[in-house]
Amino acid sequence: MDELKPELAARQQQGLYRRRLISQSPQGVRPVIEGRQVLSFCSNDYLGLANHPRVKQAFKDAAEQYGVGSGSAHLVNGHSQLHHDCELRLAEFTGRDRALLFSTGYMANLAVTSALVSRRDFIYQDKLNHASLIDAARLSDARFLRYAHQDVTHLKQWLDQHVTEYPQARRLVMTDAVFSMDGDIADVSSLAHICQQTNSWLMLDDAHGFGVLGNEGAGVCQLRGLDQTAVPILMATLGKAVGVSGAFIAGSEALIETLIQKARSYIYTTASPPATAAAIVQSIDLIQRESWRRQKLLDLIGYFKQEISSLGVELMPSDTAIQPIVLGDNHLALEASQSLFNEGILVTAIRPPTVPEGSARLRITLSTSHETADIDRLVKALGSIRYMV
Ligand SMILES: *Cc1c(COP(=O)(O)O)cnc(C)c1O
């Protein structure tokens, strides 16, 4: 294994080495990291539900009744009543015919390509899509095309061309609904429109919109008023704003049955613990009912943007809870993250290949559990980093 060492050393030198911080507390805005309590601005627990008493109680009660492990795959005997009820709830909440649970978002994305496209088909993706979507396309046999970030015009040209040149091929457009490292929202209405015009399938990965966007928190589709016809394949994760674990795909009966029959990342894996499904249902109830969580988050986003711009720091064009500050250089991003940590503030540096080369950044995320005083502290600490402005 010695031959692995030079590459590790090279990564150190390029500022690309990754290290795991050990957390010793629940998720929240004041976690204990390696023995020290810090103020955190990098969790995806946007609504503060990962440690909510009622969600935890639902988890405990379900574990009491159903035990811990699910024992096998959904198609053997791991599909519990709790999983089933959770799927019904997710379908209802998203206004789709059906929903299907997955253990992780990564696996849900792999499921779509493995079940729906093959060698003569096309996949189109935004250049800034999440790695799991990119891997899903790479692992399929379909032809894979990537358009520049948010370049709907270019996508439309490809779709128009392929409709006539390859009338038999399937066309699957896959995009982050909220871009995970930039925070901007995809132009989902235009995408839905051109996909309908060209008889192509649109899949949205709403990992960062679900729970947070839309008047009840059902995500980007609710925000933009897009039903199952406009967005036939909706995927969202359950480990971020929902605060639990896993993911789901929602859509028509035919879509869900096809995934159950064919998706390898659904079939060949053990079902998630039933208690997670119970916790998800409880969390969805809170999301739907407690709209104050979304309102407060929106207020905090507005406050942060206002304070940071009065400091003269440039933000990305994002109105969501993801507010990155791009520093460019890997070492600089690491150094900024370290300076903040020295002030008791946790914001991890995000570097390539998670983001494009030369765009290393501090990916700041806000949560309903933050207060304006927390943001004041962050902005003050950022202001004291000399290369920040
Ligand atoms: C986090 C994320 C995923 C992966 O979901 P997991 O449940 O963490 O595997 C997929 N897509 C996007 C856009 C994400 O941000």
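**Entry 1. Helices H5 and H6**

I began with helix H5 (residues 105-116) and helix H6, which pack with their axes 8 Å apart and at an angle of about 30°. The model I am reading is a predicted one. Angles under 35 degrees count as roughly parallel, and H5 and H6 are therefore roughly parallel to each other. I noted the crossing of H5 past H6 as right-handed.

I then looked up the residues that meet. From H5 I listed Tyr 106, Asn 109, Leu 110 and Thr 113; from H6 I listed Ser 132, Leu 133, Asp 135, Ala 136 and Ala 137. Sorted by class, this contact of H5 with H6 holds five nonpolar, three polar and one charged residues.

**Entry 2. The seven-stranded sheet**

I traced an open sheet of seven strands and wrote its order as S4-S10-S9-S8-S7-S5-S6; the pairing is mixed. Strand S4 (98-102) and S6 are the edge strands, each with a single partner strand, so one side of each has no neighbour in the sheet. From one strand to the next, the twist averages 20°.

S5 (residues 122-126) and strand S6 (residues 143-147) run parallel and are joined by five bridges. Within this pair I found Tyr 124 opposite Leu 145 of S6. Which helix does the chain pass through on its way from S5 to S6? The path goes through H6 (residues 131-138), and I recorded this β-α-β crossover as right-handed.

S5 is also joined to strand S7 (residues 171-176), by four bridges, and these two strands run parallel. Here Gln 125 stands opposite Met 174 in S7.

**Entry 3. Helices H2 and H12**

I next examined helix H2 (residues 53-66) against helix H12 (residues 274-289). Their axes lie 8 Å apart, and the packing angle is about 150°. That angle makes H2 roughly antiparallel to H12, because angles over 145 degrees count as such. The crossing of H2 past H12 is right-handed.

On the H2 side I listed Arg 54, Val 55, Ala 58, Phe 59, Ala 62, Ala 63 and Tyr 66. They meet a set of H12 residues, among them Pro 274, Ala 278, Gln 282, Leu 286 and Arg 289. By class, I recorded eleven nonpolar, three polar and two charged residues in the contact of H2 with H12.

Two bridges connect S13 with strand S14 (residues 360-365), and the two run antiparallel. Ile 350 faces Arg 361 of S14 across this pair.

In the loop between S13 and S14 I located Pro 353. Is the peptide bond from Pro 352 to Pro 353 cis or trans? I read it as cis, with omega near 0°.

**Entry 4. Backbone at Glu 34**

Last, I checked the loop between strand S1 (32-33) and strand S2 (36-37), where Glu 34 is placed. Glu 34 has a positive phi of about 50°, although this residue is not a glycine.

Notes. Residues are numbered from 1 along each chain as its sequence is written. This is a predicted model: local features need pLDDT of at least 70, side-chain atom pairs count only at pLDDT 80 or more; totals for chains, interfaces and linings use all residues. Side-chain values use heavy atoms; hydrogens and water are left out. Two strands pair if DSSP finds at least two bridges between them. A crossover is right-handed if, with the strands pointing away from the viewer, the path from the first strand over the helix to the second runs clockwise. Axes are lines fitted to C-alpha atoms, for helices over the stretch in contact, and angles run from 0 to 180 degrees between N-to-C directions. Angles under 35 degrees count as roughly parallel, over 145 as roughly antiparallel, 65 to 115 as roughly perpendicular and the rest as oblique. A crossing is left-handed if the near helix is turned anticlockwise from the far one by less than a right angle, and right-handed if clockwise. Contact means heavy atoms within 4.5 Å. Ala, Val, Leu, Ile, Met, Phe, Trp, Tyr, Cys and Pro count as nonpolar, Asp, Glu, Lys and Arg as charged, and the others, Gly among them, as polar.
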